[in-house]
Amino acid sequence: MADLPYHVRSCLQSGKLALLAILVSGGIVLQILACALYNNWWPMLTVLMYVLLPMPLLFFAGSNASSLYTESSSGWIDATKFMTGASIVGSIAIPVVLKHAGVIGWGALAMELSSFFIFGMAILCFMGTNDDDAYSMF
């Protein structure tokens, strides 16, 4: 990619930013539709987990997201991995428990899990394209 002209590289970078914006917007729309279409706002509990999900990464891993992929002996990185995993499990478990309790229907559950999948894809794309020199995701 280094041999491409500057205007082509900047266009690719803008396209990646637009893709991330579309993914996040789609996840938010699905989250709100899961509540509004079925006139039941209990699925919004998942938003708490979406807010808590990046907190361990921000507080303990810093700006180096690649530390999540390495074998480390640092207790802080291990705690970050554990808390992030617990937040991910909670993001999936809250709608499933609500469905099992009969609070939400199948449609709201499907929209909640689709929203989670889209947010997950946005996070993975961001982590893959976060490095300015490498265009590894596309």
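Before the first stop, one convention: a helix axis here is a line fitted to C-alpha atoms over the stretch in contact, and angles between N-to-C directions run from 0 to 180 degrees. Keep in mind, too, that this is a predicted model.

**Stop 1: α2 against α4.** Select α2 and α4 and draw their axes: they come within 9 Å and cross at roughly 170°. Angles over 145 degrees count as roughly antiparallel, so that is how α2 runs relative to α4. Now show side chains. On the α2 side, pick L45, T46, M49, Y50 and L52; their partners in α4 are A86, S87, G90, S91, I94 and P95. Colour this contact by class and you get seven nonpolar, four polar and no charged residues.

**Stop 2: the hidden side of α2.** Stay on α2, residues 45–52. Which of its residues are buried? They are T46, M49 and Y50. Look down the axis of α2: these buried residues fall within an arc of 100°, so they line one face of the helix.

**Stop 3: α1 against α5.** Hide the rest and keep α1 and α5. Their axes come within 8 Å and cross at roughly 160°, which makes α1 roughly antiparallel to α5. The crossing is left-handed. By class, the contact of α1 with α5 has 15 nonpolar, six polar and two charged residues. For a selection to start from, residues in the contact include K16, L20 and L23 in α1, and A108, M111 and E112 in α5.

Note on methods: Residues numbered from 1 in each chain as written. Predicted model: local features only at pLDDT ≥ 70, side-chain atom pairs only at ≥ 80, totals over all residues. Heavy atoms only, no water. Buried < 20%, exposed > 50% of the residue type's maximum accessible area, 1.4 Å probe, protein only. Helix = DSSP H or I, 4+ residues; strand = E, 2+ residues; numbered from the N terminus. Arc of directions from axis to C-beta. Parallel < 35°, antiparallel > 145°, perpendicular 65-115°, else oblique. Left-handed = near helix turned anticlockwise from the far one by under 90°. Contact = heavy atoms within 4.5 Å. Nonpolar A, V, L, I, M, F, W, Y, C, P; charged D, E, K, R; others polar.
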